[in-house]
Amino acid sequence: LAAFGLVGVVGTSAHYRVRVVLVQVAGMYPVAATTIGFVVGALVNYVLNRGYTFRSHKAHLDAGPKFFLIAIFTGILNSLIVYAGVNLMGANYLVVQIGATCVVFRANFALNSVWTFKEAQAK
């Protein structure tokens with residue numbers, strides 16, 4: 001979990017940096033910017049989690065689609081939380097993003113540890 005958290009900090013940093021640049025510099029809508037940032041963060045997370053956190057030897061054709069299916073699910077969850085916080089509650093997008101990140105982190109760890117990178121048990 002600690003390694004997943006450390007990798008998550010790197011991936012989240014990439015996500016947040018992209019999102020902030022897109023909102024603050026490019027004037028992009030926060031929900032669209034967080035979606036793009038999430039994709040960048042997911043790519044960083046896949047590479048680091050496969051090699052560092054889970055030390056997986058699974059083929060990319062096995063682990064990759066599973067990881068990105070989970071990323072799509074949690075990316076949608078992230079976008080929905082940001083949308084609800086910003087549009088329905090009128091909260092600051094950065095504060096809402098922190099809450100969304102906490103929810104998405106837990107979901108990502110649970111799903112990736114039991115499905116994506118779980119190695120087959122020797123019989």
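The model is predicted, so local features need pLDDT of at least 70 and side-chain atom pairs count only at pLDDT 80 or more, while totals for chains, interfaces and linings use all residues. Residues are numbered from 1 along each chain as its sequence is written, and side-chain values use heavy atoms, with hydrogens and water left out.

Select helix α2 (residues 30-53) together with helix α3 (residues 60-88), whose axes come within 9 Å and cross at roughly 150°; axes here are lines fitted to C-alpha atoms over the stretch in contact, with angles from 0 to 180 degrees between N-to-C directions, and helices are DSSP runs of H or I with at least four residues. That angle makes α2 roughly antiparallel to α3 (over 145 degrees).

Next, show the side chains at the contact (heavy atoms within 4.5 Å), which include Phe38, Tyr46 and Arg50 of α2 and Phe67, Phe68 and Tyr83 of α3.

Now colour the aromatic rings and select Phe4, Tyr46, Phe54, Phe67, Phe68, Phe105, Phe109 and Phe117, which form one aromatic cluster (rings of Phe, Tyr and Trp, the last by its six-membered ring, pair if their centres lie within 6.5 Å; planes under 30 degrees apart are stacked, over 60 edge-to-face and the rest tilted). The count of aromatic pairs comes to 9. One of them joins Phe4 and Phe105, tilted, at 5.3 Å centre to centre with 50° between the planes. Because Phe4 lies in helix α1 (residues 2-25) and Phe105 in helix α4 (residues 93-116), this pair ties together parts 101 residues apart in sequence.

Definitions and conventions
Helices (H or I, at least four residues) and strands (E, at least two) are DSSP runs, numbered from the N terminus. Angles under 35 degrees count as roughly parallel, over 145 as roughly antiparallel, 65 to 115 as roughly perpendicular and the rest as oblique.
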